[in-house]
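Biologist: I am new to this structure. Please take me through one part of it closely, then show me what packs around that part.

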Amino acid sequence: MKKNITTLAPLAFPLNGSHLIEASAGTGKTFTIAMLYVRLILGHKQGESAFKLGELTPPQILVVTFTDAATKELRDRIRARLAETARYFRADPKTMETPEDTDLLYELRHEYAEDDWPVCARKLELAAEWMDEAAVSTIHGWCNRMLREHAFDSQSLFTQNLETDQSELRSEVVRDYWRIFFYSMKLEEIAQVKAYWASPDKLEDVVK
């Protein structure tokens, strides 16, 4: 599959279809997600790059991440970006400075007619106030919610226990792996493996 490697432009990125963004740590993923969120609230862009349903509200936008701590940080960062962008739409363009790190917000604002700025600001302010009900959660939390809300369709129980401690499951997997592969080895191969991991517990310590 051919990959299109390019610099991501948060204001020009299409809001429709399926897109994969691959990025290393510290490259601005959270910043980009927050800007895309702002654009969805405003119904930004027209034509082929626009989201087909137009403007959205926080409960209509799903954002998922890996941990509870990351969920809280992402929610706070999105709320802060919504409030900050609202302030730019409220500000007097004649008196407000344009620092380098806020060029994107000024560029976004100037894509709207000046008469529309108060309306845009109000949408963003309401979205920031609504973030407590926004659909921002962990992947496993969202799956658990969907199973609960669609129990009949998924043929699952109405009440389920969400297991966040996987230590026992990991131990079981390591023991199964050890039993299947280790016991079938030749004596010289067993000696080589035991030089690194004397037991399944030692192997699990490395897996952790």
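Biologist: What volume does the largest pocket have?

Modeller: First, some ground rules. This is a predicted model, where local features need pLDDT of at least 70, side-chain atom pairs count only at pLDDT 80 or more, and totals for chains, interfaces and linings use all residues. Residues are numbered from 1 along each chain as its sequence is written, and side-chain values use heavy atoms, with hydrogens and water left out.

Now the pocket. The largest pocket has a volume of about 1000 Å³. Volume here is the space filled by probe spheres set on grid points, which are joined across faces, edges and corners. A pocket is an open set of points on a 1 Å grid over the protein atoms alone, where a 1.4 Å probe fits, with protein on both sides within 12 Å along at least five of seven lines; lining residues have an atom within 4 Å of a point.

The lining counts 33 residues. Nearest the centre lie Lys29, Ile33, Leu36, Val63 and Val64. Helix 1 (29-42), strand 1 (62-65) and helix 2 (68-90) are the elements that each give two or more residues to this lining. Helices (H or I, at least four residues) and strands (E, at least two) are DSSP runs, numbered from the N terminus. Helix 1 gives the largest share, 7 residues. By class, the lining has 20 nonpolar, 10 polar and 3 charged residues. Ala, Val, Leu, Ile, Met, Phe, Trp, Tyr, Cys and Pro count as nonpolar, Asp, Glu, Lys and Arg as charged, and the others, Gly among them, as polar.

Next, the two lining helices. The axes of helix 1 and helix 2 come within 9 Å and cross at roughly 55°. Axes are lines fitted to C-alpha atoms, for helices over the stretch in contact, and angles run from 0 to 180 degrees between N-to-C directions. Helix 1 and helix 2 are therefore oblique to each other. Angles under 35 degrees count as roughly parallel, over 145 as roughly antiparallel, 65 to 115 as roughly perpendicular and the rest as oblique. The crossing is right-handed: the near helix is turned clockwise from the far one by less than a right angle.

Ile33 returns here, in the contact of helix 1 with helix 2. Contact means heavy atoms within 4.5 Å. The contact divides into 12 nonpolar, 2 polar and 2 charged residues.

Helix 2 also packs with helix 4 (residues 117-129), at about 160° with axes 8 Å apart. That makes helix 2 roughly antiparallel to helix 4.
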